[in-house]
Amino acid sequence: MTQGVVARGRAWVAAVPGIWLLVFFLLPFLVVAKLSLSEAAIARPPYLPLWEWDEDYLTITLNLGNYRYLIEDALYINAFLESLRIASVSALMCLLIGYPMAWCIARARPERRNVLLTLVILPFWTSFLLRVYAWIGLLKPNGVINNMLIGAGLIDQPLTLLQTDFAVILGIVYTYLPFLVLPLYANLVKLDGALFEAAEDLGAQPWQTFLTVTLPLSVPGMLAGCLLVFIPAVGEFVIPALLGGADTLMIGKVLWTEFFNNRDWPVASAVAMVMLVVLVLPIMLLRNAQNSSEELA
Amino acid sequence: MNGRYFVPIAASLGFAFLYLPIVSLVIYSFNESRLVTVWSRFSTKWYAELFRDPQILQAAWISLKIAFISASLALVLGTLAALVLARFGRFAGRTLFNGMTTAPLVMPEVITGLSLLLLFVSMELTLGWPAGRGLTTIIIAHTTFCLAYVAVVVQSRLVGMDRSTEEAALDLGATPVRVFFDITLPNIAPALVSGWLLAFTLSLDDLVIASFVSGPGASTLPMVIFSKVRLGVSPDVNALATLMIAVVAAGVLASLWIMNRRAGASGSSVQ
Amino acid sequence: MTESDDQPWRDPNAQPFLRIKGLSKHFGSVAAVDKVSLDIYRGELFCLLGGSGSGKSTLLRMLAGFESANAGSIEIDGQDMAGVPPYRRPVNMMFQSYALFPHMTVADNIAYGLRRDRLPRADIAKRVDHLLAMVQLADFAKRKPSQLSGGQRQRVALARALAKGPKLLLLDEPLGALDKKLREETQFELMNIQEETGVTFVVVTHDQEEAMTLATRIGVMRDGEIVQVATPREVYEYPNSRFVADFIGSVNLFEGVVSEDGESHMRLDCAGLGTSLYVGHGVSCTLGQRMWLALRPEKLRVSTEKPAQSHNVLQGVVEEIAYMGGSSMLRVRLPSGAQVQVTQANLDRDDAHPVSWDETVFLSWSDTAGVVLPS
């Protein structure tokens, strides 16, 4: 009888966040799915209803035109491919820059470790928008970097840095670097130091120890870190909007334009649905990577 | 290059990369020239300008209000979600619950923003609520994605906590609710603080989701900054950025100092 | 004091204080506790002894109310515990990790349970002082758990669990986290406190020495089942299976077939040894039944001369001698290839070993030194 009270209490505790998430997280996707099958119209809201009830006749109109449009217009496919490419390159760059950082933090003395970790997290607490904005000042034709290079006599003409894919990748690597360092660090710090000593004791050079022991054992952390960069980067809007050029096609930017500039809600919804489908696989991979790095502990 | 030094040097370059843009922002916020990147002389005039800009001040006030309310709501909901995930074991719908709690972490913002806006529009058409979009809809949207961050932070603390202390309290006659307030809450308090701060920062920082679900008269600070920045670099934004960085740095340094002092206090008195 | 006062389990009219009937707990397809039935009497210090995964901790947690049973019942002092949550049970537990509340002082930890009962402040303070004195921590009342040594924490955990005067105290590996020397001292302290308070203790341990020292009775667990319940002496001298004989102390096991089954003796033909062994008391068995003779190493005599007795003599070669201070352990290889363990008390300081390596020796034992086991 008292166990019943406990069970009811638990049900309430679960129901509050559960219902909130059902209504404001899961339900919206169903609305997006529904809208991606309707027809755009000059109306308020700018689409036609999916079903109509008229004198005993229920008319359901499913419009697959939005999806056909995505396939037929090369813009969308190119934008998807370009997003995947930029996100992959960015994730790999993050890995190259972030691995030595994660390794150094994991091997530092505990009191220094906290300081270094704070240094990695600190930029994350400052405004994302402002950090991206900072790069405009650095990369502009008359920006800090070009001024310094010209001042040093290395170049005569300012380099075109801003409004390129390079700038977009730089921006993504810069803002998402902590997302890679933290899970990788969490993975590396759990590895028993005796493993490396054992490898050296058995005659492995430091680089051999790294390749044969450290690297294989940090695969879950690397995978989780890379996916944590890759997944949000695919749908990134702010960075390509601020640092990219007019020809930088990223799917997040396309969705934004479709929605705000063209006011074509159904096509924007179709783009969102396709993006979700594309991201399902990496999200599942991420869950597996996170689970397996927990098992390692 | 000697192999011994390769890793530390590479790591230092990585850290430099993280801080270079921030340092340049701070330096140029004190530049007198309107040409943001050409140094003329030291000046604080952009700070003065910033505080005379009613649009920025109003947006900052709106953003702080939204961030405070969303972070607090997200703290309550996220802590409940974390309790469910860390303490309730297996139950029907656990996978769905877990998925809904963690998915917002990786969901691209454009999708979250679009889907919530479409939900609000549909709800308004069928239920008549929320009437129009503005503060309320932004708060709901921010609460939803901040909830996920709070849940992750609190859950990891709950999992790391020694569960036998909770069982001991139950064993000594405390009811489950009592156990939560007597034992669990003091134990996860640091996670609650950092979860709330994280949620507050994320809400204060969000541009994309707010742009989708906002309505007339509810422009948040990031929305105002974005429209300014899109037109080019503006020095008062540098000043704003420097102020925000100063606040964050002060907060982090203070928390580090408190943590170190606490660690030192308990460390020295053992034995 | 009559024997049944001291050993209530021998009295058929005694009412058990804790009655466990057919208790089972499954985790998935694994039966952690499998149809356990057990009676424990008031004032006992009962030890549940078993290896890891034997189900002893799960059984303890079921008594405390942290795990619910799939089948069976638990009755404490005549009250059925089904559906009673941990915070309503007249039972307290001392946790293996001690589970002291890190944010509360020692005194607050001990007072926690009393405050839940809403006792008057003055009574709580008095009771806490009494308990602090009992565990000799009166000067540490204001300290936090992190400022105590391992032994002090253990005593706080004990005081906290005893504070409410539970009918039954459950102790999960109470000495497991202490080092050997401290563990031995604390064993006696624990026994004194149990005697002083008169509370019934149920102790879970994997340490057989600890169980032997502490317990009035031991329940040996294996794979979720209780395989034997008896006093420490009985468990050691009269194990009921090869598993118990082997789990508690060391033992030599000789396998054989019953060839004589008399009123007051039996004989076991051991094909492996090439001889038959004589047992000087009756055993319920049938001719031709496969049985085992279990012999403790200290029950064997070693001599270089052939002893006079006509049976229970084996010849072998000394292979290893391990000096262990108080005693020495010998391994003797028999012609059949089997190895026998023998311990000898070191009675003299010098020349501890009357025998040396590779020497041929005779092993002998009395007719009643061994136990015949059917399984």
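What percentage of the 297 residues of chain A count as buried? In this predicted model, the share is 50%. Let's look at how the chain is put together and how it meets its partner.

**The chain itself**

Chain A contains 13 helices along with two strands. Its radius of gyration is 25 Å, whereas a compact globule of 297 residues would have one near 19 Å.

**Surface and charge**

| Area | Value | Share on carbon and sulfur atoms |
|---|---|---|
| Buried between chain A and chain B | about 7,200 Å² | 83% |

Charged side chains are part of the picture as well. Chain A carries 16 positive and 21 negative ones, and the centres of these two sets lie 11 Å apart.

**Meeting chain B**

How many residues of chain A are in contact with chain B? The count is 79, and they touch 73 residues of chain B. The size of an interface is often given as the accessible area lost when the parts come together. For this pair, that buried area is about 7,200 Å². Three residues stand out here: A:W20, A:W125 and A:Y133 supply 11% of the area that chain A buries against chain B, more than any other three residues. You can look for these three in the structure above.

Definitions and conventions: Residues are numbered from 1 along each chain as its sequence is written. Chains are lettered from A and ligands numbered from 1 in the order in which they are written. This is a predicted model: local features need pLDDT of at least 70, side-chain atom pairs count only at pLDDT 80 or more; totals for chains, interfaces and linings use all residues. Side-chain values use heavy atoms; hydrogens and water are left out. Helices (H or I, at least four residues) and strands (E, at least two) are DSSP runs, numbered from the N terminus. The radius of gyration is taken over C-alpha atoms; the globule rule is 2.2 Å times the number of residues to the power 0.38. Buried means under 20% relative accessible area, exposed over 50%, partly exposed in between (1.4 Å probe, protein chains only). Lys and Arg count as positive and Asp and Glu as negative; His and the chain ends are not counted. The place of a charge is taken as NZ of Lys, CZ of Arg, CG of Asp or CD of Glu. Contact means heavy atoms within 4.5 Å. Buried area is the accessible area (1.4 Å probe) that two parts lose on being put together, summed over both.
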